[in-house]
Amino acid sequence: MRTSIDVHISEVGPRDGLQSVSATMPTADKCRWIDALAAAGLREIEVGSFVPAKLLPQMADVAAVVRHALTLPGLRVMALVPNRRGAEAALTAGVHKLTLPVSASEAHSLANVRKTSAQMVEELRSVVALRNEVAPGVPVEVGLSTAFGCTLQGAVAEDDVIRLALACVEVGVDEVGLSDTTGMAHPAQVRRLFTRLRAALGEHAGAAHMHNTRGLGLANCLAAYDVGVRSFDSSLGGLGGCPYAPGASGNVVTEDLVFMFEAMGVSTGIDLQQLFAAREPLKAGLPGEPVYGMTPEAGLPRGWLA
Ligand code: ZN
């Protein structure tokens, strides 16, 4: 296998995926799934979210899952936190990276975190201050949710997205990416908005987090790649959605995304056969839950060598 990596793929299934299904995957199955993902070559995994268990019982064991993931060599263990309180718990647990959701749509922001976007920026300031004090080496990432449209609010102005991204960087966030939480993005929009984001934020411009709700997930990732984006979020088996965005479904399927890039000669550092094998612990831990992906169904083409 080649050693250099051209694109960075961050697996979000254990967080984005598991929080959007009603069943709770047992802790042992989560750990087996994360082991299999790391064995396939994923170097960054969002393993859970530090939110009150009464809101998301699927994440009640997040500290134990983090503890396990930290034993895997070379893996960057990431967790989602909605606020300073969550960040305290995540940093205490020893995560390597924090990610916070900030909604570009006010309606989604109020539904998701019960704060306005401006209040979330103040929360970010507080999280960055905490990070600086207790864990200065831990990057703080923001994913701007509903950056391409919102099922509650409708259209989201591109100027608002860029203004909010700049506000996040001003309070000390390391990376700001764009999330198509509701699966409304199309490739022309993705090209335009990521071009603007990269021009405005420079090295602070972050990942593309695309959903496959309307079948455009891969097309949108390719559009982002074409304008220079090199970090992508995806989910094994396409698990995922957002409990507070009606109609949100399916993240981009990691297996299909890796296949697309590898077929193009763009190295991901991920072994596809081992990635397919990582579907087994996912299915075992969530019996009956639909698991998506065209590439694992079709198999690899004859003569595939990557
Ligand atoms: Zn997602």
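Reader: Where does V253 lie in this model?
Author: The model is a predicted one. V253 counts as buried, at 7% relative accessibility. As for its place in the fold, V253 belongs to the loop between strand 8 and helix 10.

Reader: Which residues is V253 in contact with, leaving aside its neighbours within four places in sequence?
Author: V253 and G13 are 240 residues apart in sequence, and their C-alpha atoms are 9.5 Å apart in space. The contacts of V253, with neighbours within four places in sequence left aside, are S234, S235, G237, G238, Y292 and G293.

Reader: How many residues apart in sequence are the parts that the pair D16 and N251 ties together?
Author: D16 lies in helix 1 (residues 13-17) and N251 in the loop between strand 8 (231-234) and helix 10 (254-263), so the pair ties together parts separated in sequence by 235 residues.

Reader: Within what arc do the buried residues of helix 4 fall?
Author: The buried residues of helix 4 (residues 84-93) are G86, A87, A90 and L91. They line one face of the helix, because seen down its axis they fall within an arc of 130 degrees.

Reader: Which residues are exposed on the other side of helix 4?
Author: The buried residues of helix 4 have a cover that includes strand 4 (97-103) and helix 6 (117-134). On the other side of the helix, the exposed residues are R85 and T92.

Reader: Which residue caps the N-terminal end of helix 4?
Author: Helix 4 is followed by G94, with a positive phi near 100 degrees. At the N-terminal end, a side-chain oxygen lies 3.3 Å from the backbone nitrogen of R85. That oxygen belongs to the capping residue, N83.

Reader: What covers the buried residues of helix 9?
Author: The buried residues of helix 9 (residues 217-226) are G217, N220, C221, A223, A224 and Y225. After this helix comes G228, whose phi is positive, near 105 degrees. The cover over the buried residues includes helix 8 (187-201), strand 7 (205-209), strand 8 and helix 10.

Reader: Is T268 buried or exposed?
Author: T268 is found in the loop between helix 10 and helix 11 (272-277). Its side chain makes a polar contact with the side chain of E262 at 2.6 Å, and a polar atom of that T268 side chain lies 3.1 Å from the backbone nitrogen of I270. With a relative accessible area of 3%, T268 is buried.

Reader: Which residues touch the most other members of the largest nonpolar core?
Author: The largest nonpolar core has 90 residues. One of the residues asked for is L144, whose contacts beyond four places in sequence include V102, V161, L164 and C168.

Definitions and conventions: Residues numbered from 1 in each chain as written. Predicted model: local features only at pLDDT ≥ 70, side-chain atom pairs only at ≥ 80, totals over all residues. Heavy atoms only, no water. Helix = DSSP H or I, 4+ residues; strand = E, 2+ residues; numbered from the N terminus. Buried < 20%, exposed > 50% of the residue type's maximum accessible area, 1.4 Å probe, protein only. Arc of directions from axis to C-beta. Contact = heavy atoms within 4.5 Å. Polar contact = N/O pair within 3.5 Å; in protein donor to acceptor, adjacent residues only side chain to side chain. Core = buried A, V, L, I, M, F, W, Y, C linked by side-chain atoms within 4.5 Å.
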